Amino acid sequence: MANSASSSAPLLTADGTPLKVGLQRSLRRSKLKAVGLVFPPLLFLIVLFIVPIGDLLTRSIDDTRINYQLPLTFALIDTWDKKTLPDESLYEAVFRDLSSINKFLIKDNFGTVVDPKDPAWAVSIPRKGPYQDAILEIAPDWRSPANWLPLRAVAVKASQATGAAIDLRKAKIKAEFTICKDLTPLKNASCSNLYRELLKWDGNSEPAEDLFKALFKDLSYAAKYLIGKSSTRMNYEKPGFKSLLKKSGRKFKKVEEGPYKEALIKADKRWGDIEFWKALITMQDPNTSVYYLNSLDRKWDADHEIVMQPEERRVYVMLWERTFWLSLIVTIGCLMLAYPVAHLLATLPLRHSNLLMICVLMPFWTSLLVRIVAWMVMLRSEGVVNDTLVAFGWPDESRLQLMYNFTGTVIVMIQILLPFMILPIYSVMKTIPPSYMRAAQNLGAPPSLAFLRVYMPQTLPGVGAGVILVFIVAIGYYITPELVGGKDGRLIGNMVAYHMQKSLNWGLASAMGAILLVGILILYWIYDKVVGIDNMKLG
Amino acid sequence: MRQTLMKTTLASAVIGAALAVPAQADVTVASWGGAYTMSQQKAYADTYGPGGINFVNYNGGLGEVRAQVESGNVTWDIIDVLPHEARVGCDEGLFEELPRDVFTPAADGTSMDDDIMVEVPNDCVVPQIFWSYVPFWQEGAFDGNAAGNPSTIADFFDVAKFPGKRGLHTWGNATIEMALMADGVAPEDVYDTLNTPEGVDRAFAKLDTIKDHVVFWSAGAEPLELVKSGEVSMSLAYNGRIGAAVLSEGAPFVTNWDGQVLEEEWLAMIKGTPNADEALKFLIHASAPEQQAGQAKWITYAPMRKSGIEIIAANEPWFNTGVDILPLMPNASEALSQKHLFADPSWWSDNGDSISERFTAWMGQ
């Protein structure tokens, strides 16, 4: 009624501001409140979930470090014919790249493009100093105080830290690492010499020998670690690189001048093996797909063609298939067992269903390891199941192998994942009024038809949720296959763990993780197309 | 509102961090847990004057260490590592390099590094123990067997003469070396043989002969259970697990030292720890001959230092329950008089990944 008058003049609130503005203001306030409430969990999610996962995923394509190690070699390697052993120039490049100090570390800080003709590569830094002249010859930019100042700022800031003794120490260590992080591609080198000398330096005068000595010493350590890491990386391509680099590092110190081809092969005869040189080519690209190829049993060859791994190293495709089939079997097994239980739970009178519910949840409250060990007692060849079978006349000499293989993993995983299937199905069944079934039967449907046409379709959202939940959990499962998997029940998750913890091949582990993630997203997408994600009900 | 929330979040984060960091400079040692950590606690921490040694458990590998060092948030100070990790950690700069002259020499003046029974791989590590992969069986398992009881590594790979299943671990270390020794390769030639593709094939061919009789285990307690229950008639296991079962539960296990593969175990200090001084003091204490020997009072892993094993030999019975420990020690002269091999970590550094892939493929075939 009042609105009819307001069509010409804007509506005003009590204090005279237009209603629209007031409304917007109050809306903004509540929006801010909402953001404020969401912010802490969002921050939590970003810091502890998205950032680490993103970091790990970038590792799966990152091969920049090896380019720091072998800049000269990679700049020249395309000139090699790949059929015979490379010529002197490439041997010289490898020698320079792997010698005690990596000159790229000195140069790189000023955006160097690798030019093999640059005389800087051939500059030899006297091992006992003086260092200034040699370093300036390699990278004249170090002459300017301005290039040292950002590093000094890090040190000065840390030296002004306050607090308990341990906090001061931490601040100093952190600064030493930060300086090295700025100078090198390493996150774990400590530039303690530079830290000390930068603090002594006034920040204006021309950098003197002390600073250059510190720079040399710290970069020497960094170069050593870089070789350590690079050798690990190179060993993925060709087993043997690890000890080759270690040995070369020691022997190269004695090599004063060329011809380098002879000297290198004398230092280690593997430098005369063309396979090692071919392996170098495959690492040239700083963005690599090699980890993804490896996790599918493939690799690059020297001609940049994708080829299969040697036969005895092919293991991942088999593991992917096994993981997929096992997850599928576990999911189907869980579904078959969970459906009747969930139905019973939903239809029994409360006092019975409560007891049943506790039985379902009890394993949830029991330690995973306890449950696995209990299964070992049940399933091993001298275990309860086999003993019972034998007692009923099963031949003693052909006891079933139910543990330490695929079968064992399936059985134990079905039991462990069962609640994930029961609970969503139960929560959906609970909401289906029993009168529907009665109505269907009243109208003449036999019980089986009533079940198929009336009851089951209504439980599908719960079934979908349970299936997705169980399948996704199963596909990345780790601890059960590790303990009971034995010969053929270990899954891709166990390989991820192996590469994260034991071989430290984080690139490969990340690539496998990424493939798993994509696989799950694809399944999710298919589910959405077929069943519709809105239909999923988790409880 | 947003600012208050942020302040609260920050404040609680700060409080959380403050609570997580111990007040004084305690030294945190990451080790394997269980009876092993207990033996370190008794032999090293309890005998250490200043005290303040905390143990945490970890599952091996350098993943956690790398994460700590690279993020600049180092919460462990010392770590107990396997031979491969001892080398990788030092090469890649995850461990501090330690001065060598500060460590306690043996009673006869031999420096610590010369007192160790294997070559010291680098300046980052100090000696801990030797442990070994070794075959064992249960008394009575071969009663009535025509060939009697097994005694050599060849017997382990002979299911015709010594019937029953075999327990193997799910990775290749020691197994392929043992396969070659069982196939007649002398211990000193094992790694030369493995350096050729034919040598590796030969090892796997030997493994093929028992493939259908193998039960694979992955946790150190499993082989004891497998042998005890009769699931397998013989298994490989860590010697310390067998020793613990024999000494504490009186389990009737028999160890066949022939063909054992000895592995090293080192302590190292993590790069960038703010407690470096305290940690070094503790390392000096823990690596002294008396403490090295002392650990064997509690567990049947053996000191790496010759002087340590000499202290034990001179003072038997050494174990805390008053029984002789040397018969259960992998590097006592009795065990070393039989065919044995010190695992070569540098060979494994080169070939570990390819062997691991091949072994996994072999298991699943």
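**Helix 16 and its contacts in chain A**

Q: The crossing of helix 16 of chain A and helix 17 of chain A: left-handed or right-handed?
A: The crossing is left-handed (the near helix is turned anticlockwise from the far one by less than a right angle; clockwise would be right-handed). The helices are DSSP runs of H or I, at least four residues, numbered from the N terminus. This is a predicted model, where local features need pLDDT of at least 70, side-chain atom pairs count only at 80 or more, and totals for chains, interfaces and linings use all residues. Residues are numbered from 1 along each chain as written, chains are lettered from A and ligands numbered from 1 in written order, and side-chain values use heavy atoms, without hydrogens and water.

Q: At what angle do helix 16 and helix 17 of chain A pack?
A: About 145°, with axes 8 Å apart (lines fitted to C-alpha atoms over the stretch in contact, angles from 0 to 180 degrees between N-to-C directions).

Q: New topic: at what angle does helix 16 of chain A pack with helix 24 of chain A?
A: The angle is about 130°, and the axes are 8 Å apart. Helix 24 spans residues 492-502.

Q: And which residues meet in that pair?
A: Helix 16 brings A:Tyr316, A:Leu319, A:Trp320 and A:Thr323, and helix 24 brings A:Ile492, A:Met495 and A:His499.

Methods. Helices (H or I, at least four residues) and strands (E, at least two) are DSSP runs, numbered from the N terminus. Contact means heavy atoms within 4.5 Å.
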